[in-house]
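Take a moment with the sequence and the model below.

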Amino acid sequence: MINGLRVLAVVPARGGSKGIHLKNLRKVNGIPLVAMVGAVIKGVPEIDSSIVSTDHEEIASVAMNSGIRFPFFRPKELSGDQIGDLDVLTHALLEIELIDKVTYDIIVMLQPTSPLREAQNVSDTIKMLVNRGWDAVWTLSETDSKSHPLKQLIIK
């Protein structure tokens with residue numbers, strides 16, 4: 001909690017990746033990507049609760065073993081590769097608010113495919129959002145010129 005605001009972390013981790021099969025279970029330095037998110041969450045005191053939104057049993061198991069709650073499976077209609085983040089986050093928020101019987105004020109999406117993220121970065125971002133009175137914060141990092149130009153955010 002921060003300034004009286006309840007914070008929910010949602011970890012979107014479906015099993016059906018087309019590019020790399022079960023990429024959210026791939027290991028970096030011997031740790032599955034979804035478990036790395038659990039380690040980050042433990043270091044962010046502002047986060048009140050965390051859940052994994054998945055359609056896959058093994059991802060759910062690894063997430064739970066790393067301290068991320070698994071209260072429900074993501075519906076099949078929200079598990080395709082053309083589904084946007086908003087639909088996934090909205091579903092997760094509405095379901096967990098019913099289960100927890102609380103209202104969350106801030107939703108933090110922590111994708112497993114960002115293994116270099118550190119707890120302090122997440123904490124600082126939440127503080128920035130609240131302290132500056134913003135509606136949303138989106139973190140980004142510089143990419144090299146070999147990345148696909150349609151998959152890059154360009155700041156002018």
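What follows starts with a helix and then turns to single residues in the loops.

This is a predicted model. Begin with helix α2, which spans residues 57-65. Which of its residues are buried? They are I59, A60, V62 and A63. Around the helix axis these four cover an arc of only 165°, so they lie on the same side of α2. Now look at the other side of α2. There, E57 and N65 are exposed.

What covers the buried residues of α2? The cover includes strand β3 (31-32), helix α1 (33-42) and strand β4 (49-53).

G67 follows α2. The phi of G67 is positive, near 100°.

Next comes K76. Find K76 in the loop between α2 and α3 (85-100). K76 has a relative accessible area of 76%. The cut-off for exposed is over 50%, so K76 counts as exposed. Compare the position of K76 with that of H148. In sequence, 72 residues separate them. In space, their C-alpha atoms are 29 Å apart.

Now turn to backbone angles. Most residues other than glycine have a negative phi. Two asparagines here have a positive one. N3 has a phi near 50°. N3 sits in the segment before β1 (7-12). N3 is exposed, at 62% relative accessibility.

The other asparagine is N29, with a phi near 55°. Where is N29 found? It lies in the loop between β2 (27-28) and β3. N29 is exposed too, with a relative accessible area of 78%.

Notes:
Residues numbered from 1 in each chain as written. Predicted model: local features only at pLDDT ≥ 70, side-chain atom pairs only at ≥ 80, totals over all residues. Heavy atoms only, no water. Buried < 20%, exposed > 50% of the residue type's maximum accessible area, 1.4 Å probe, protein only. Helix = DSSP H or I, 4+ residues; strand = E, 2+ residues; numbered from the N terminus. Arc of directions from axis to C-beta. Contact = heavy atoms within 4.5 Å.
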